[in-house]
Amino acid sequence: MAIRTHSGRARGAPISSSPSMLAAFALCGLLAFGSVFAADVAISPDKAEFGGQCAEGLAEGKHVTTDCSITWKDKDGKVYCFSSPDAKAAFLKSPDESLERARAFIAAGNVQTTEQAMENFDSNDAQKLVDNEIKAKLKANGGLFPIEDALTGEQLKLAYDGVDFTRTLDGYGYFPDVKFHDPADAQKKYLIDFWVVPVNGALAIQETRIYSAPKQVEGAWRLVAREPVPWWWIPASEHPGKMAQKRGWEVMSAVEQNALADADKDGVFRLKDDQTGKTLDLKFIDTHQPVRQLDDGTYFACTDFRAAGTKDQIYDIDFWVKEKDGKMTVTQTKVHKVPELKNGQWVQVPRYSWKDLGNSKVVP
């Protein structure tokens, strides 16, 4: 099944003006923006928005590098660079609209970078990579595939049955779904997802997740999907295309990529508890649904992590995500619920409610 996400470029028509018109516009801009048109302050490109690229160029759908000698600072103190005085004047004719177009172009570019890299591969390449990786692990582990159950911490060793099918999500990667079973009982079946993305010209496995696991129902083993489902299953029936607002699954993708990137080679995500000061060693389980968006535009996602080395000590960790320069970026991480032993069982005890954060709405 291939899911196509069409990332259209946002383009603005170039503005053509005579020198006299530009001079008049500059004077009007001076009156409208006050100190905004004060003398440009040179800044290092890495300190400016968009990495020092020309903001007007981005608004027109082009990447133009600058030395950031021509700049503009907005009311929030963010500095934008321009390739020429004319580009700056064109941009400031409607800065809010120009910024929106620039950010849309950058956002499309982030997805397009992966999408373009994916043009060198197909789902068969992803399946071949996963098949080879599994067979290498079988060879090194007595014919069985080792995997830790993120939910329980159980160290599983499974027999390999083959790749079932592969989903393709343009701009995000390939998702082979692989069949396994318990070697002691062939009726105890598993479906395991592999997230495969292009990295430096080659495909690489970014994450491995148990999607369905065996559950005994009326004396027989039944394959049951885990809840919540991995984010990459959510757009399976969607055709989102280009949208002004991010989808919930895009936010979950950003959160999970952050957790994966910050985890060590053993998959341990380390987080300093803001209340106790203790460093927590955690293993990622999943992201809750739905994602919410606060009134200030920030997205808010809850996740489950298991304390490393335990089976049932589960932390609820919250991630705040903002769209910055067209890219979804985690800006804050905080412990929401902590495991406490009560009556012989570990339960999650909340420190606050998401309602305490203010008004919010569900992101579809």
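Biologist: What makes the hairpin of β12 and β13: how many residues sit between them, and which one in the turn has a positive phi?

Modeller: There are 4 residues between β12 and β13, and G297 in the turn has a positive phi of about 95 degrees. The strands are DSSP runs (E, at least two residues; helices are H or I, at least four), numbered from the N terminus. Bear in mind that this is a predicted model: local features need pLDDT of at least 70, side-chain atom pairs count only at pLDDT 80 or more, and totals for chains, interfaces and linings use all residues. Numbering runs from 1 along each chain as its sequence is written, and side-chain values use heavy atoms, with hydrogens and water left out.

Biologist: How do you know that β12 and β13 pair, and in which sense?

Modeller: Two strands pair if DSSP finds at least two bridges between them. β12 (residues 291-294) and β13 have 2 bridges, so they qualify, in the antiparallel sense. R292 stands opposite F300 there.

Biologist: And how many bridges join β13 to β14?

Modeller: 8, again antiparallel, with β14 covering residues 314-324. C302 stands opposite D318 in β14. This hairpin has 6 residues between the strands, and G309 takes a positive phi near 90 degrees.

Biologist: Why is β13 called largely enclosed by the rest of the structure?

Modeller: Buried means under 20% relative accessible area (exposed is over 50%, partly exposed in between; 1.4 Å probe, protein chains only). In β13 (residues 299-307), 9 of the 9 residues are buried, so the strand is largely enclosed. Y299, A301, T303, F305 and A307 point one way, while F300, C302, D304 and R306 point the other. Side chains in a regular strand alternate between the two faces of the sheet.

Biologist: What makes C302 count as buried?

Modeller: Its relative accessibility is 14%, and the limit is under 20%, so C302 is buried.

Biologist: How do you know that a disulfide joins C68 to C81?

Modeller: A disulfide is a pair of cysteine sulfur atoms within 2.5 Å. C68 and C81 have an S to S distance of 2.0 Å, so they pass. The S-S torsion is about 100 degrees, so the disulfide is right-handed. C68 lies in the loop between α2 (55-59) and β2 (70-73), and C81 in β3 (residues 79-82), so the pair ties together parts 13 residues apart in sequence.
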